[in-house]
Amino acid sequence: MGSNLPSSWMGFHVVGFVLTAMLLQQQLFVLADVQTESKKGKALPTCHPADFHYTYTDCDDAGVRWRVQVPEPDHCKGGAPDAPVRAVDCGFSCDKGEYLDKDNTQQCKKCPAGTYSLGGGERFEDWTTLPEGFITVSDEHDDWYMETNCDNQSMWEPRGNYIKSPGSICSSKLVYSANLKKAGSVMFTYSIATSETMLHVEVHNEQCEAMSGGEGSRWPEATGEGQWETVKIDLKSGLNIISWKSIGISLSSTKPPPPILIKTVEIMGLSYTSECTKCRPGTFAKDQGSFECTQCSANTFSKDGASQCTNCDASTLYSHPGATECTKREPCSKNDYYMTHTACNEKNQTTKTYKWIEPRICRVDISGAAQLPANGQVEACPPCNPGMSIFNHTTCNFCPTNQFSDGTAVCRPCPPSTAPVYGMDFKWWNQMPPNMDSSCLSWSGSGCSENKGWVLAGDSIHSSLGQADDAYLILQLSVEGFDGEEGFVDGKAIELGELSFVFSLECTADCGLFLLEERGPENKSPVIETWEKSQEKQEYRLAITKNGPRTFTWAFQKADMDQGYDDTPSNIYRTDMAKIYSIKLTNTMNGGAAMCKKCPKGSNQKGCIPCEPGMYIANNTENTCTKCPENTYLRANNAYGRESCISCGPNLYSNKEKTKCHSTCHIHSNTKHFQLTKLAGYHTLQTGASFTAKGSRFYHSFNFTLCGDDKAAAACVSNVSTYSQDTPDVIENAHNRRKDADDYSPPVKSLVCQSTLIPSPNGPSETISAQPMSLGDTLLGITTDKSLGNLNATIFKPDVEDVPDLHFYFHSGSVTQACPKGRSTVIYLRCDPGEKGNGTFKLPESCPAGTCDGCTFHILWRTQYGCAVCTPNDYTEIKEQCNKNGKQKIHYVWKTPKMCMFGEKLPKETIGRCPVIPWWAQIPMYAQIAIAVFVGCVGLMIAMVVYFWKRNRKLEYKYQKLVAGASGELPAAETCAITEGEEEDDVIFEDGKKKGMSLFSKFKSKPIDMDMDKNGLLLSDDDEFQETIELSPTHKQPLTNI
């Protein structure tokens, strides 16, 4: 456009720009004078030329700015500054190692020695105080599962070589504003020990608008204990407000989340650097045009702006790398050296030797100083560790595949029909095992005098002596995996192997030994256990319940990190150490074999031929493969004995391969049948939102599956923009597209998992999911019982006392320091016929995050599908009164409350005949009672008549025997009674013509004097008839003589 205008017009515009610059300069003078007089309250002297300094005006719409002179504040007023001069364009910047000479040439010049420059950028790495331009803000939020008081003290804190977040669940921000003249970037180096603390980095413009496309929002993942990672974010030109927000989301109520550490922040895209930055103390820049400073080496030091480091007097002084001054050497003592052994020679011999702790900072030329002891005598090397054998008479290595050794003999092949049992058993420490390594990490970057973190000592291995107090001394052991399959028995995870080690701590301060376990990108070195201060010799055991490759790490720290470090780390606790005497890892996939086990029938010398899936090795002479019973699963390949077949939990069934148990969605409990096929698949539950002061929301999201396919699993993701309702297939596809990304982290797949969701203001498509973790790898059982193994289901009380909930018990064997037994989940499936669809979820009111201890989670699910299938026992029959036609209606109604669904339907209304009423049922009750009493009396009277009649007949018979007879003689004494088998009614008298007469007839036919003397046969009236009459058996007398 300018090329088409006349030169007069161009000159007019230049003059206009100059007048504008002069007017702006005058306004700056007036403003400075007003501010100065208002502050001082007194007149100031007139400014002289030396009181002025150059500065640039802001850029106008045409991208033009001017160089003007202004006085120092509060120093003078008025004066005669130089005329404004057009400055370099707003998009101009210098290269790295250069600065803009705006006072003279307005050209880029190289930085002098002892200084550095990023050109169009700035680096912040000195955190002794909060650098200019940074501010900290306490972003208080109402936590949804823990009462916390977040005040203004919960802010980022400078700690020398880094700046640290509060280390709590309170949210806190570190903010920096950068006005970029061209597109640039921000790059920072950070450290986050665990995923219980999240770092959210956001970039906004001057209108507080986030960068489009989500580029200005990052959620860097945890780095692991003592690890650093670097993140770079591109920035646009203009004002960029960069914020680093720490968010602690710990599930433990006893242990706060770890802090976030930021070591360096580098901003690129500034228009120019008007002056170079001096090298900080302990560093130097030797050449001109440097864009960084180099740390001084040991036994040298420097002050700020140094072009070279100054040597210390080596005979009397010393210094550590990055020192700002030299330190006096004290006389040596026995604490300044240590004992070790030389490597075994070709004769398998070693020598005890002593070495100074490096770097040696003591003097031996002073009276009373300790001297280094002489080497010991040559002695035989100890044997190799079990599973290893010596090679070339010098080095112990693991035995080859299918061979074994106890460490004292050469490796031998396993006998036929056997296979090696691999493991790692280290108890001799004359050499570092093949799969172990040590290193040294320092927070300051200068605390490690050498990279060796641990030292071999024959019968032990101990942390390196002489390292700075801020150093992490790392010992790592790698393993490819374990032999066997994961599983559970009686609610407890099956132990695939075991890590055990014996150790002690010798400390004079608050030292710490950390045991960490890293299993891949989804597991950023969680701390398993921590020991603090001095510890006696002891053994620690860790059960291995999850398979797969991993690295175990022992990290020793001499002092508490929270005390902070200076630019030059201290070396006060140089002799404090951790000592490990033995390490043993069992049932591994790699390592060495100290023994061989029997193989199933059909194996050969090269190794075992495994049994088919679902079969175990019988304990018999042939070691045959035997199939496990139904509804059991095998806990390991080539398992021995029937006890290797583990019974499935209640209402679970084994799969075809008998490797795991699953639910078919058909549950039988207490004669009830539950059909849960409608609940198969994936389900999602979100907690209530937590709001920060800025309105940011946070959720906990639970993904889980109850029953169905035995291969089904939910998925929780990290750092991927997906809807929480997405299926695992969608999540998997999203991750397949991101596998090559730097921040890629695979999803956590489990029956129950949890992640933290942070909604984006740009919509659900940019929702952030972080901190995924498994809450249940295995379904232990489904039952109405309120306990299963070590798990209890007592948080939610049932609505109806005699209708218990259906409890699903899940468990995950992943152990952490907060949950040494792993995490568990109990899902309460409650019958609620009034619920629509799949129902609703609820978390405990006392623990809205779903857990009260961070390890066991409880979820209540109200659903119509949680009701038992209806049967005829669930409804009752109601009959109406009979009509005049002798018929009645029959209705069917559900028993109340109705606690069943589906299954048997309610029968339709029917009409039936009234039942015929018996005649006796029509008589009134009182009449029935009267008739019964009358009939009873009549019956009693008849019975009495019969009784007395029979009594009289008996007496009559007896009398006839005595007084009647055809011969007129009394019967003999032997025949006075009724003979056996003779009935009194059938007696035939001697005349044979008629039966005996009645008693009255006999008295009439033969009168007898009733008052006869004592020789007569009859008794008096007062006497009763006798059952027998005694007569003389020898003489018979006629009746006429009586």
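User: Which cysteine does Cys 870 join in a disulfide?

Analyst: Cys 870 is joined to Cys 900 by a disulfide with an S to S distance of 2.2 Å, where a disulfide is a pair of cysteine sulfur atoms within 2.5 Å. This is a predicted model, in which local features need pLDDT of at least 70 and side-chain atom pairs count only at pLDDT 80 or more, while totals for chains, interfaces and linings use all residues. Residues are numbered from 1 along each chain as its sequence is written, and side-chain values use heavy atoms, with hydrogens and water left out.

User: Which hand does the link of Cys 870 and Cys 900 have, and why?

Analyst: The disulfide is right-handed because the torsion about the S-S bond of Cys 870 and Cys 900 is about 95 degrees. The pair links distant parts of the chain, with Cys 870 in strand S70 (residues 868–870) and Cys 900 in strand S73 (residues 900–903), 30 residues apart; strands (E, at least two residues) are DSSP runs numbered from the N terminus.

User: Is Cys 870 buried or exposed? And Cys 900?

Analyst: Cys 870 is buried at a relative accessible area of 4%, and Cys 900 is buried at 2%, where buried means under 20% relative accessible area, exposed over 50%, and partly exposed in between (1.4 Å probe, protein chains only).

User: How many disulfides are there by this rule?

Analyst: The count comes to 20 disulfides. One of them is formed by Cys 399 and Cys 411, with sulfur atoms 2.0 Å apart; the torsion about the S-S bond is about -80 degrees, so this disulfide is left-handed. Both Cys 399 and Cys 411 are buried.

User: What about Cys 847 and Cys 852?

Analyst: A disulfide joins Cys 847 to Cys 852 with an S to S distance of 1.5 Å, and the link is right-handed, with 95 degrees about the S-S bond. Cys 847 counts as buried at 6% relative accessibility, whereas Cys 852 is partly exposed, with a relative accessible area of 46%.

User: Switching topic, in what order do the strands of the open sheet come?

Analyst: The open sheet has 3 strands in the order S71-S72-S74, with antiparallel pairing; two strands pair if DSSP finds at least two bridges between them. Strand S71 (875–879) and strand S74 (910–913) are the edge strands, each pairing on one side only.

User: How many bridges join S72 to S74?

Analyst: Strand S72 (residues 887–894) is joined to S74 by 4 bridges, and the two run antiparallel. Within this part of the model, Lys 889 stands opposite Ile 911 in S74.
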